[in-house]
Amino acid sequence: MKLFSFFSKVAFICNLSFLLFVLFGTSEAKQTIGSSAAGISAIPFLKNLIIILGFSAIIINLAMCIAYLVAILAKKYFLFPKWLAAINFVFLIIQVYFFFL
């Protein structure tokens, strides 16, 4: 079940990019119209990648949390860190709150 562990780590990376996405959004909202965003727009490829991963994080994270639930209900215990599953679940709650509420 190395694939399960791999996708858990991918979901965690997407969750970290979601945090950066939220931080970029709040820092851009605080800027005035005439000011330059030297720290944020200096690397537009990285910024675009973080935005894409930040938006797709809820889909990937939801799929992983459903996979965790199915694994628990089927009583199949894989060798993945339990803290990673817990953190992904907490991020899912935060993402649902951010996107839908």
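Of the contacts in the protein chain with a separation of 6 or more, 81% are between residues 24 or more positions apart; contact means heavy atoms within 4.5 Å. The model is predicted, so local features need pLDDT of at least 70 and side-chain atom pairs count only at pLDDT 80 or more, while totals for chains, interfaces and linings use all residues. Residues are numbered from 1 along each chain as its sequence is written, and side-chain values use heavy atoms, without hydrogens and water.

The protein chain holds three helices and zero strands. Its elements run α-α-α from the N terminus. Helices (H or I, at least four residues) and strands (E, at least two) are DSSP runs, numbered from the N terminus. Buried residues make up 29% of the 101 residues. Buried is under 20% relative accessible area, exposed over 50%, and partly exposed in between (1.4 Å probe, protein chains only).

Helix 3 spans residues 82–100 and has 19 residues. From first C-alpha to last it reaches 27 Å, close to the 27 Å expected at 1.5 Å a residue. The expected span is 1.5 Å times one less than the number of residues. Leu-84, Ala-85, Asn-88, Phe-91, Leu-92 and Gln-95 of helix 3 are buried. Seen down the helix axis, these buried residues fall within an arc of 125°, so they line one face of helix 3. The arc is that of the directions from the helix axis to the C-beta atoms. The face turned away from the buried side carries the exposed residues Lys-82, Trp-83 and Tyr-97. The cover over the buried residues includes helix 1 (2–30) and helix 2 (44–73).

Helix 1 packs against helix 3 at an angle of about 40°, with the axes 10 Å apart. Axes are lines fitted to C-alpha atoms, for helices over the stretch in contact, and angles run from 0 to 180 degrees between N-to-C directions. Helix 1 and helix 3 are therefore oblique to each other. Angles under 35 degrees count as roughly parallel, over 145 as roughly antiparallel, 65 to 115 as roughly perpendicular and the rest as oblique. Residues in the contact include Phe-12, Asn-15 and Leu-19 of helix 1 and Asn-88, Phe-91 and Gln-95 of helix 3.

The axes of helix 2 and helix 3 come within 9 Å and cross at roughly 130°. That makes helix 2 oblique to helix 3. Among the residues that meet here are Ala-57, Ile-58 and Asn-61 in helix 2 and Ala-85, Asn-88 and Leu-92 in helix 3.
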